[in-house]
Amino acid sequence: MISTGPFFLDQIFFIVFPYVAVIIFLLVSIRRYRTEAFTFSSLSSQFLENQHHFWGLVPFHFGIITVLAGHLIAFLIPREVLAWNSHPLRLYILEGSAFVAALLTMVGLVSIITRRLTDPKVKKVTSWADWIVFASFVIQILSGLYVAVFHSWGSSWFASLATPYLWSLVTLNPDIKFVTAMPWMVKLHIVSAWLMIAFAPFTRLVHILVVPNPYLWRKPQVVRWYAAWKSLRKV
Amino acid sequence: MSASIYSRSLQFWMTVTVAILSGILVPDVLSQEAVDFFRQNCISCHTIGGGRLTGPDLKDVSKRAEREWLTKFIIDPRGVVESGDRYANQLKEEARGVVMPPFPGMTPQRAQALLDLIDAESKLEKSQFQGVKISERPFTAEDVILGKKIFTGAVSLKNGGTSCIACHSVQGLGGFGGGGLAPDLTTVMERYGGRKTLSTWLTAPATPTMQSLFKEHPIDAEEVLPLVAYFQNTLQRNPEDPSTARLNFVLVGLGGTLLMLAMFDIIWNKRLKTVRRALVREKRMEAVHE
């Protein structure tokens, strides 16, 4: 199925990567849930520091949930999205809101990273996997913001180009003609998404699978977690 | 023994079947596939005996270049141009710098089938690929207005294609302008060399992304005309400098973000900062008053 020639790399990035990523995601998630169920969480560090935490946690999660929902909606009901976008004003409102959500994600992420670097207790409980998560989010959100500004209007062309590409993967009949001629920043955004999916089950991102939905509206509460952080007691 | 005879006779009949299939059926399938392929991918830029469009007239192309070279070029046009090949670069110059897009799934066999088709069509007095018939009626003001509506999506494309504004901009759209994924189309009419070439191109757009969008949702001839009328109209404008529209978009986004952050602060006004710290503050106040 994979052929050499001008599309060789595209086939690796847009056919091999997604399938490998999804397989790794499923297998490792299941294995981790069955063998290390207690690590299946966001490993909250709110207990260690909660002032700075708010400005990371809240903008990041509202931003990322909105942005991901946007991608999912364009994937599930592309025709409706295009119909909404058929008036420029409505297109601008949708794109503007999505852009605000992406900026909120970025504000949250910067805040999270600063907190991890500056608070000694929080820094101590930050693992190498966390740093990979943060780095991949930086790449993902910066490339997304760049695409939103310089390769607009993504809400329309995602529905027309990315959606058929993604469905071709779902139906096991991969067709990369929709993405081969994309600008490299768009390609980076897609490839880095596959890498994040592959890496997610090794990280705190697994909490997405066990998220209690009342998070979004319940009152704030303190979360504690226990692990053998002997080194932490010295801080 | 009988099993061996059975297997031999099976082998014999299978050989015969394969021979018949490969002798009769496969060339037919290939040539029909080549005809379909040519119609979907080539006619936007090439004719056979109808004169040059964006790309050269392909009549007797096999007499102008070696088959081996042609096959290599069809599979990876940009690769051949970038290798410094003289003829390929001459072709690029003649096409005003446009290089033929590559086609995913193109194989030497398919390229050969295409060349066979072109050779066969070249021998005909009147090839079926002499060129798409393009209306020559003069553009009206209504055409331009309808063209703009089709461009922005206010009038949807009949066959379900995506509106131009999703990826393209032109000067003078207003608001945040059109899309930035693909080139600005203000002067596209000039770039593509006029009404006939652009109209033909739009009936079967052949760049990879345009093709993946419009192959199954072609732009109707009655939509091509107003669109081209609109692009002729935009020719008088200067290509848009997109940075102002982009800056406005970013500024609006930043404003919205600040607003949301302020809202979070208000909504979660009673977050944990008000538990312990408030108690401490209260105690201190009490101490002061005592």
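In this predicted model, helix 3 and helix 6 of chain B cross in a right-handed way. Their axes come within 9 Å and cross at roughly 120 degrees. Helix 3 covers residues 67-75 and helix 6 covers residues 108-123 of chain B.

**Helix 3 against helix 6 in chain B**

- On the helix 3 side, the meeting residues are B:R67, B:L70, B:T71, B:I74 and B:I75.
- On the helix 6 side, they are B:P108, B:A111, B:Q112, B:L114 and B:L115.
- Sorted by class, this contact has seven nonpolar, two polar and one charged residues.
- Two packed helices are described by the angle between their axes and the distance between the axes.

**Helix 2 against helix 4 in chain A**

- Helix 2 (residues 51-76) and helix 4 (residues 88-118) of chain A have axes that come within 7 Å.
- The angle at which these two axes cross is roughly 145 degrees.
- The crossing of helix 2 and helix 4 of chain A is left-handed.
- The contact between these two helices of chain A is made by 14 nonpolar residues, nine polar residues and one charged residue.

**Make-up of chain B**

- Chain B contains 13 helices and zero strands.
- Of its 290 residues, 29% count as buried.
- Among the contacts in chain B between residues at least 6 apart in sequence, 66% join residues at least 24 apart.
- Chain B is divided into domain 1 (2-123), domain 2 (141-234) and domain 3 (253-289).
- The centres of domain 2 and domain 3 of chain B, taken over C-alpha atoms, are separated by 53 Å.

**Contact between chain A and chain B**

- Chain A gives 35 residues to the contact, and chain B gives 40 residues.
- On the side of chain B that touches chain A, the elements giving two or more residues are helix 4 (77-82), helix 10 (208-214) and helix 12 (243-267) of chain B.
- Helix 12 of chain B supplies the largest share of that side, 11 residues.
- By class, the side of chain B that touches chain A has 20 nonpolar, 15 polar and five charged residues.

**The largest nonpolar core**

- The largest nonpolar core has 85 residues.
- The residues with the most contacts inside this core are A:A102, A:L161, B:L198, B:L227 and B:F231.
- Helix 4 of chain A gives the most to the core, with 12 residues.
- Domain 1 (2-123) and domain 2 (141-234) of chain B both give residues to this core, so the core lies between them.
- Leaving aside neighbours within four places in sequence, B:F231 is in contact with B:L185, B:V188, B:M189 and B:L198.
- In soluble globular proteins, nonpolar side chains tend to be buried together.

- A:A159 is found in helix 7 of chain A.
- A:A159 counts as buried because it has 24 C-beta neighbours inside 10 Å, and the cut-off for buried is 20 or more.
- Not counting residues up to four places away in sequence, A:A159 touches A:A74, A:P78, A:V81 and A:L82.
- A:A159 and A:T114 are 45 residues apart along the chain, and their C-alpha atoms are separated by 35 Å.

**Backbone features in loops**

- A:S152 and A:W153 are joined by a cis peptide bond, with omega about -10 degrees.
- A:W153 lies in the loop between helix 6 (128-150) and helix 7 (154-170) of chain A.
- A:L172 is not a glycine, although it has a positive phi of about 60 degrees.
- The loop that holds A:L172 runs between helix 7 and helix 8 (184-199) of chain A.
- A:L172 is exposed because 7 other C-beta atoms lie within 10 Å, and the cut-off for exposed is 12 or fewer.
- B:D60 also has a positive phi of about 60 degrees and is not a glycine.
- B:D60 is placed in the loop between helix 1 (2-42) and helix 2 (61-64) of chain B.
- With 13 other C-beta atoms within 10 Å, B:D60 is partly exposed.

How values were computed. Residues are numbered from 1 along each chain as its sequence is written. Chains are lettered from A and ligands numbered from 1 in the order in which they are written. This is a predicted model: local features need pLDDT of at least 70, side-chain atom pairs count only at pLDDT 80 or more; totals for chains, interfaces and linings use all residues. Helices (H or I, at least four residues) and strands (E, at least two) are DSSP runs, numbered from the N terminus. Two residues are in contact if their C-beta atoms, placed from the backbone, lie within 7 Å. Ala, Val, Leu, Ile, Met, Phe, Trp, Tyr, Cys and Pro count as nonpolar, Asp, Glu, Lys and Arg as charged, and the others, Gly among them, as polar. Axes are lines fitted to C-alpha atoms, for helices over the stretch in contact, and angles run from 0 to 180 degrees between N-to-C directions. A crossing is left-handed if the near helix is turned anticlockwise from the far one by less than a right angle, and right-handed if clockwise. A nonpolar core is a set of buried Ala, Val, Leu, Ile, Met, Phe, Trp, Tyr and Cys residues joined through C-beta atoms within 7 Å. Domain bounds come from an automatic or database domain assignment.
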